[in-house]
Amino acid sequence: MNEAFFALEEEKQRAVFNAAMEVFSRWEYKRASTDLIAAKAGVSKGLLFYYFHNKKTLYLETFAYAQRLVSAFIQETVPIRSADFFDRLGGASREKMRLMAQSPFLLDFCVRAYYSDRGRRLRRAAPEDRQRAGRAVRHLV
């Protein structure tokens with residue numbers, strides 16, 4: 001992946017990752033169109049490949065981005081310090097809504113990634129990724 005991508009504004013990075021999550025969540029990896037991802041993100045296809053080199057790198061970086069979002073969500077919601085169960089539940093629900101507003105296709109992408117053939121290969125290759133992916137899906141549902 002080209003480090004120039006991280007020099008972009010955070011909003012533009014989020015647009016690219018949200019577009020990738022949307023397309024990868026609606027179509028399996030092989031049928032997901034990089035043309036559509038680029039169009040939804042508001043960048044050219046050439047620029048998309050300049051940043052990510054190929055579709056596989058884009059997919060893996062999108063998955064890593066999803067993991068970072070879920071990890072941050074867990075770290076932000078776990079410390080809700082109220083002793084009242086319903087206060088804690090309400091706080092966690094508000095945080096989940098904030099996360100879903102920021103990345104509306106996050107859950108769909110995580111579920112498809114976890115249950116897809118590609119996801120199965122990733123889980124076999126790295127058991128710790130399987131655990132992280134499983135936790136991510138369970139926390140979002």
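Let's start at one spot in this predicted model: His 53 is partly exposed, with a relative accessible area of 49%. His 53 sits in the loop that links α3 and α4, and its phi is positive, at about 70 degrees, even though His 53 isn't a glycine. For background, most residues other than glycine have a negative phi. From that loop, we can look at the helices on either side, and then at the whole chain.

**How α3 meets α4**

- Helix α3 covers residues 45–52 and helix α4 covers residues 55–77.
- The two pack at an angle of about 70 degrees, and their axes are 9 Å apart.
- Angles from 65 to 115 degrees count as roughly perpendicular, so that's the label for α3 and α4.
- As for handedness, α3 passes α4 in a left-handed crossing.
- On the α3 side, the contact is made by Leu 48, Phe 49 and Phe 52, while α4 brings in Lys 55, Thr 57, Leu 58 and Glu 61.
- Sorted by class, that contact has four nonpolar residues, one polar residue and two charged ones.

**How α4 meets α6**

- Helix α4 also packs with helix α6, which spans residues 106–115.
- Here the axes come within 11 Å and cross at roughly 120 degrees, which means α4 is oblique to α6.
- This crossing of α4 and α6 is left-handed.
- From α4, the contact uses Tyr 59, Thr 62, Phe 63, Ala 66, Leu 69 and Val 70.
- From α6, the partners are Leu 106, Phe 109, Cys 110 and Ala 113.
- What classes of residue make up the contact of α4 with α6? There are nine nonpolar residues, one polar residue and no charged ones.

**The chain as a whole**

- The protein chain has eight helices and zero strands, so reading from the N terminus the elements simply go α-α-α-α-α-α-α-α.
- Of the 141 residues in the chain, 41% are buried.
- Take the contacts between residues at least 6 apart in sequence: 63% of them join residues at least 24 apart.
- The chain exposes about 8300 Å², and carbon and sulfur atoms supply 53% of that area.

Notes: Residues are numbered from 1 along each chain as its sequence is written. This is a predicted model: local features need pLDDT of at least 70, side-chain atom pairs count only at pLDDT 80 or more; totals for chains, interfaces and linings use all residues. Side-chain values use heavy atoms; hydrogens and water are left out. Axes are lines fitted to C-alpha atoms, for helices over the stretch in contact, and angles run from 0 to 180 degrees between N-to-C directions. Helices (H or I, at least four residues) and strands (E, at least two) are DSSP runs, numbered from the N terminus. Angles under 35 degrees count as roughly parallel, over 145 as roughly antiparallel, 65 to 115 as roughly perpendicular and the rest as oblique. A crossing is left-handed if the near helix is turned anticlockwise from the far one by less than a right angle, and right-handed if clockwise. Contact means heavy atoms within 4.5 Å. Ala, Val, Leu, Ile, Met, Phe, Trp, Tyr, Cys and Pro count as nonpolar, Asp, Glu, Lys and Arg as charged, and the others, Gly among them, as polar. Buried means under 20% relative accessible area, exposed over 50%, partly exposed in between (1.4 Å probe, protein chains only). Accessible areas come from the Shrake-Rupley method with a 1.4 Å probe; for residues, only the protein chains shown count as cover.
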